[in-house]
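Okay, thanks everyone, let me share my screen. I'll start with one residue and then zoom out to the chain.

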Amino acid sequence: MMMNKHKLWIGSISAAVLLGGSAVAASSSVNGQSVQTTPSATSQSVTQDQSSTGKLLTGAQAKAAALKAAEGKVDDIDLERRNGQTFYEVEIDRKGSNDVVVRLDAYTGKILAVVDDEDYDDDDDYNYNGSATSTSSNQSAAKQVKLTEAQASSIALKQVTGGKVTEIELDHDDGRYVYEIEIRTADGEADVDVDANTGKVLSFDQDFDDED
């Protein structure tokens, strides 16, 4: 009787081991599938969360992404914020066909739209309309912000390739202090607005010299 009990216990343990093995195998199979899908899901999550980290695409990156959607010569790049969305609008001149405006997500580079320049309406563009301030008022305002001109310039220069700051001004717009920075590049000019306290790029506009 004792041996029979031992056999019964051993049989039960063996069955449990076998069942456990099959469970592990099934789990491994499921995990095998998830391993293939998880990276893309993670990548999407990281991409979607870029806006919270403030990792804007640079003007050069926006230009490259736009040219993949429409071939031609980039004439202008604008950073826009509308209805809670931040995006670049890139104007592209195309020989032999109508010019187009490529709109792309400012954080992911995803193409949102490609429209004919003649049909494009930019009446609701995001713009700052602050008035120029005097040197004395700038000095007074500088005491109320966290970023120095040098720090703001450094942030602005990251938006372009091989640029040089030609003018910087601290202005008060829409209830916040903003550094308005003009940059000369090898290809043209760029205007960058940087939040004087957070360092966030609020506006970016790059114009390219005509080479024709």
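When I say contact here, I mean heavy atoms within 4.5 Å. And keep in mind that this is a predicted model.

So, Asp 195. Which residues does Asp 195 touch, leaving aside its neighbours within four places in sequence? The list is Leu 147, Arg 176, Tyr 177, Lys 200 and Leu 202. Asp 195 itself sits in strand S7, which covers residues 188-195.

Now the bit I'd like you to look at. Asp 195 is buried, and yet it has no salt bridge. The nearest side chain of opposite charge belongs to Arg 176, at 4.0 Å. What the Asp 195 side chain does reach is the backbone nitrogen of Asn 197, at 2.8 Å.

Okay, zooming out. We've got five helices and eight strands, and along the sequence they run α-α-α-β-β-β-β-α-α-β-β-β-β. The chain has 212 residues, and 32% of them count as buried. If you take contacts with a separation of 6 or more, 47% of those come from residues 24 or more positions apart.

Last thing, confidence. The average pLDDT for the chain is 74, and 62% of the residues score at least 70. Residues 12-52 stay under 50, and the model gives that stretch six contacts beyond four places in sequence. Residues 123-136 are also below 50, but there the model has 28 contacts beyond near neighbours in sequence.

That's it from me.

Terms used:
Residues are numbered from 1 along each chain as its sequence is written. This is a predicted model: local features need pLDDT of at least 70, side-chain atom pairs count only at pLDDT 80 or more; totals for chains, interfaces and linings use all residues. Side-chain values use heavy atoms; hydrogens and water are left out. Helices (H or I, at least four residues) and strands (E, at least two) are DSSP runs, numbered from the N terminus. Buried means under 20% relative accessible area, exposed over 50%, partly exposed in between (1.4 Å probe, protein chains only). Lys and Arg count as positive and Asp and Glu as negative; His and the chain ends are not counted. A polar contact is a pair of N or O atoms within 3.5 Å; within protein, one must be able to donate a hydrogen and the other to accept it, and residues adjacent in sequence count only if both atoms are side-chain atoms. pLDDT is the predictor's confidence in each residue, from 0 to 100.
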